[in-house]
Amino acid sequence: MNLPKNGKSVLDLLNKNGFESYAVGGFVRDMLMGKTPGDFDITTSALPDETENILRQNNIKYVETGLKHGTITAVFDGEPIEITTFRADGEYKDNRRPETVSFVRDIKEDLSRRDFTVNAMAYNEKDGLVDAFDGLGDLKRGIIRCVGIAEERFTEDALRMLRAVRFAAQLGFDIEDKTKAAISKLAPNL
């Protein structure tokens, strides 16, 4: 997988400082599909203050775009790179965002909170593809399937239902039966 120069530089910096770091989400999905990714996101075991220290020590500008959720945006050669600490989400009360997040040190735990299997894959050059939920298999089968129990994913964040339909339409994929049934049942939550 060809990592963009700036993204690879940030991954390497985090890894060199003893943290696990991966390209994640849509970048990985698009690369595996042979498409040009629109953005490059990183997930890391580094806590937000640790990430900021590394960026500051290397004279890389950054913006605290979502510290509550562990997200910092590095601006490397004018290119934004979102860096988010591995996390587990707390309770969702508004069908959109978690009330709290807790930072974790395990990539698989972070991936388990994501919406769809095709978006729950991570990659770095050391470990290769991390695919705990068969996202690659779903890409090959051409299906959109929730990570875990579909009703839980859509109860957490109702917008995920629209994302499922959008991904299916954009990618020419089918929506897996349990995921489709959950959308039908929970659509009024939108």
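The following questions and answers concern a predicted model of one protein chain.

Local features here need pLDDT of at least 70 and side-chain atom pairs count only at pLDDT 80 or more, while totals for chains, interfaces and linings use all residues. Residues are numbered from 1 along each chain as its sequence is written, and side-chain values use heavy atoms, with hydrogens and water left out.

Trainee: How many helices and strands are there in the protein chain?

Mentor: Helices (H or I, at least four residues) and strands (E, at least two) are DSSP runs, numbered from the N terminus. The protein chain has eight helices and 11 strands.

Trainee: Why is the protein chain said to be as compact as a globular protein of that length?

Mentor: The globule rule is 2.2 Å times the number of residues to the power 0.38, and the radius of gyration is taken over C-alpha atoms. For 190 residues the rule gives 16 Å, so the chain is as compact as a globular protein of that length, its radius of gyration being close to this at 17 Å.

Trainee: Is Thr85 buried or exposed?

Mentor: Thr85 is found in strand β5, residues 79-85. Buried means under 20% relative accessible area, exposed over 50%, partly exposed in between (1.4 Å probe, protein chains only). Thr85 has a relative accessible area of 1%, so Thr85 is buried.

Trainee: Which residue has its backbone oxygen 2.7 Å from a polar atom of the side chain of Thr85?

Mentor: Contact means heavy atoms within 4.5 Å. Leaving aside neighbours within four places in sequence, Thr85 is in contact with residues including Thr43, Ala46, Gly70 and Phe103. The backbone oxygen that lies 2.7 Å from a polar atom of the Thr85 side chain belongs to Ala46.

How values were computed
A polar contact is a pair of N or O atoms within 3.5 Å; within protein, one must be able to donate a hydrogen and the other to accept it, and residues adjacent in sequence count only if both atoms are side-chain atoms.
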